[in-house]
Amino acid sequence: MVKGRILDMQETVQNLFNESIQIQVAAADNIGTPVLSAIDKLVQALLSGNKVFTCGDETNRFIAAHFAELLLHGCALERPPFAAIHLTGQARDELARSEE
């Protein structure tokens, strides 16, 4: 009985991974141009001396914080840090209210 449940769970996990891969492959054809455009705008803003503010809700806040860390501390290349700030909690909420 337990072995059957484990096999069912393995099949479910495999199906989820396969579905995710198929979605990513399908999206790759459509998302390339908008992503490159966003990258170009971000690079131009940073090279012009502007700041990048990141924020996210729930689980996305960790991705936003990681992105800000990469801008500040780099990834593979040694370079001066870019001006990046990750807005958390209260600061993020205050910014959202100020835009209303």
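How many residues does helix α2 have, and how far does helix α2 reach from its first C-alpha to its last? Helix α2 (residues 60-73) has 14 residues and reaches 20 Å, close to the 20 Å expected at 1.5 Å a residue; the expected span is 1.5 Å times one less than the number of residues.

The structure is a predicted model, in which local features need pLDDT of at least 70, side-chain atom pairs count only at pLDDT 80 or more, and totals for chains, interfaces and linings use all residues. Residues are numbered from 1 along each chain as its sequence is written, and side-chain values use heavy atoms, leaving out hydrogens and water.

The protein contains three helices and two strands, arranged along the sequence as α-β-α-β-α. Helices (H or I, at least four residues) and strands (E, at least two) are DSSP runs, numbered from the N terminus. Of the 100 residues, 10% count as buried. Buried means under 20% relative accessible area, exposed over 50%, and partly exposed in between (1.4 Å probe, protein chains only).

| Group in α2 | Residues |
|---|---|
| Buried | Ala 64, Ala 68, Leu 71 |
| Exposed, on the face turned away from the buried side | Phe 62, Ile 63, His 73 |

Seen down the axis of α2, the buried residues fall within an arc of 60°, so they line one face of the helix; the arc is that of the directions from the helix axis to the C-beta atoms. Gly 74, with a positive phi near 80°, follows α2.

Thr 54 lies in strand β1 (residues 52-54) and counts as buried because its relative accessibility is 6%. Its side chain reaches the backbone oxygen of Ala 64 at 3.0 Å.

Methods. A polar contact is a pair of N or O atoms within 3.5 Å; within protein, one must be able to donate a hydrogen and the other to accept it, and residues adjacent in sequence count only if both atoms are side-chain atoms.
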